Amino acid sequence: MNKIFPSAAEALKGIVADGQLIGVGGFGLCGIPEALIDALRDSGVQNLTAISNNAGVDDFGLGKLLQTRQIKKMISSYVGENKEFERQYLAGELALEFTPQGTLAEKLRAGGAGIPAFFTKTGVGTLVAEGKELREFDGETYVMERSLVPDVSLVKAHRADKSGNLQFRYTSRNFNPAVAMAGKICVVEVEEIVETGDMHPDSVHLPGIYVHRIVLNQHPEKRIEKRTITEKAGV
């Protein structure tokens, strides 16, 4: 089975549609599948529910889909760096399901593992737990959280072999593996594709069984979200 597609647009053809639940990997601007996000924007699909730790910034990553109003709801844990995200939410134009970051990660991991729900102490006694089942274990109260299984997952990895085995690089190994595992269909954007068998087994961070389509993006735009420098002493 050939998993390699000639472009991001081709990789999304026939699998994205209006009203879908879309999982998107990345953390801030690190490890986001930028070419796939651009292709999703250009596809014109509407009324999406996007699962992502955050929505990047106004003019990059998922911020582009917010600008075109293709996202109707976000399931995320952080909105601080995207002013349009904040504006739409406060204006009642965008639905938002705030989820604690660790809970969001576990919702995706559990979804990929075939676990429909789990109990956690995070959020008990707060708005997060409103309307959800509470249960006691060993004298402590826990809230039940449903797992997440996106219709399509968009993922960024550093390297893939032709079977879809993935290697992530540094901080981009954040939400990407969990998003990939959870999706019913997983499309991955990579900077390098090698022959099957060329990657050392210990370098494989996610097996190819989770990956359905691969697209090459050799020269991604790697922005620095917050550039901090140290002034030289005496200058």
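In this predicted model, Lys64 has a relative accessibility of 17% and therefore counts as buried, the limit for that class being under 20%. Lys64 belongs to helix α3, which covers residues 63–67. Leaving aside residues up to four places away in sequence, Lys64 touches Asp38, Arg41, Asp58 and Asp59.

Nine of the ten residues of β9 (residues 152–161) are buried, so the strand is largely enclosed by the rest of the structure. Its pairing with other strands can be followed one partner at a time. Strand β2 (residues 21–24) pairs with β9 in the parallel sense over three bridges, and Val24 has Leu154 of β9 as its bridge partner. Strand β11 (residues 185–194) also pairs with β9 in the parallel sense, over nine bridges; here Asp161 is bridged to Val194 of β11.

With strand β10 (residues 166–167) the pairing is antiparallel and comprises two bridges, Ala160 having Leu166 of β10 as its partner. Strands β9 and β10 form a hairpin with four residues between them. In the turn, Gly164 has a positive phi of about 95 degrees.

The aromatic residues complete the account. Across the whole structure, a search finds three aromatic pairs. In the pair of Phe137 and Tyr142, the ring centres are 5.5 Å apart and the planes stand at 85 degrees, so the arrangement is edge-to-face. Both residues belong to one aromatic cluster together with Phe119. Phe137 has a relative accessibility of 32% and therefore counts as partly exposed.

Key
Residues numbered from 1 in each chain as written. Predicted model: local features only at pLDDT ≥ 70, side-chain atom pairs only at ≥ 80, totals over all residues. Heavy atoms only, no water. Phe/Tyr/Trp six-rings, centres within 6.5 Å; stacked < 30°, edge-to-face > 60°. Buried < 20%, exposed > 50% of the residue type's maximum accessible area, 1.4 Å probe, protein only. Contact = heavy atoms within 4.5 Å. Pairing = 2+ DSSP bridges.
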